[in-house]
Amino acid sequence: MPDTEDRKVVEQVRAVAADIGKKLKALKPDLWIIFSNDHAEQFFHNAAPPFTIHVGGEASGEFAGRKFHWKIPSEISFEIVRQLYRQNFDPAFTSTARIDYAIGIPLTHIGLTDPVLPIYVNAYLPPQPTMERCYAFGQAIARTVTSLDLRTVILSSGGMSHFPGTDRYSNPELAWDNKVLEKLAAGNLKSLIGYDEAELDDTGNIELRCWACAAGALGERKPDIVRWTRAGTIIMRRWPGSASRPPNTTRIIPRSNRN
């Protein structure tokens, strides 16, 4: 960890993430899905699809000396692709994409060792999918896992006020971020579709496309936990207690990956 990091804040983020991971694992889901962006490392000149579903049997990667490796439920992945085709979505699929830090960091923080299905969202290379399309894609994912009778946890990774490699990196758009989080904290998750490409780019929030996918899968639900710090954001929605399985059992955790 660099000396510039606020270790107290980092430990707070770790503690909250670990608690969320514990609660989610206690649900014993049939399937874990994570929406994340690729940082123009794999999907670039060769191909840049708006949505890509991993169908390999496993995926690996590494970052900052830490190695990542998760198994992938490939049979379920392929079936989700088939079902999405029937819903007029045409996602790409890959069996070789690697796990980068946008996936590896949040999964490590929540302590996930179960198989997970990565879905890559093109957040970086114009033209990116609109927020409306991302939201609709999430809705289609929810319909699919519901039809397959899979109790599903859905996570989303993506930073706010994210200006890496620019002179704006140390000056995040905190006022804009707070307004977004106020709406989400009130349960208005669909408010994410109100931001167009120009505004997302200007405020450093292009990665909120991943949040919009997860929000579409979850629907209008008030989060149980909203924790905001300058170092990171964690949002959790826990379904109200019930002995029966709800028709659309999903969870959402958008999280900044700047720590």
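1. Helices here are DSSP runs of H or I with at least four residues, strands are DSSP runs of E with at least two, and both are numbered from the N terminus. The model is a predicted one, in which local features need pLDDT of at least 70 and side-chain atom pairs count only at pLDDT 80 or more, while totals for chains, interfaces and linings use all residues. Residues are numbered from 1 along each chain as its sequence is written, and side-chain values use heavy atoms, with hydrogens and water left out.

2. Glu11 is partly exposed at a relative accessible area of 42%, and Arg14 is partly exposed at 37%, where buried means under 20% relative accessible area, exposed means over 50%, and partly exposed lies in between (1.4 Å probe, protein chains only).

3. Arg82 is partly exposed, with a relative accessible area of 42%, and Glu79 counts as partly exposed at 22%.

4. How many salt bridges does a search of the whole structure find? The search finds 5, and among them is the one between Arg168 and Glu173, whose closest N and O atoms are 2.8 Å apart. Arg168 is partly exposed at 28% relative accessible area, and Glu173 is partly exposed at 27%.

5. Strand S6, residues 117–121, has 5 of its 5 residues buried, so the strand is largely enclosed by the rest of the structure. Leu117, Ile119 and Val121 point one way from S6, whereas Pro118 and Tyr120 point the other way. In a regular strand the side chains alternate between the two faces of the sheet.

6. The neighbours of S6 deserve a careful look, bearing in mind that two strands pair if DSSP finds at least two bridges between them. Strand S1, residues 31–37, pairs with S6 in the parallel sense over 5 bridges, and Ile33 has Leu117 as its bridge partner in S6. Strand S2, residues 51–54, runs antiparallel to S6 and is joined to it by 3 bridges, with Ile53 standing opposite Ile119.

Methods: A salt bridge is a side-chain nitrogen of Lys or Arg within 4 Å of a carboxyl oxygen of Asp or Glu.
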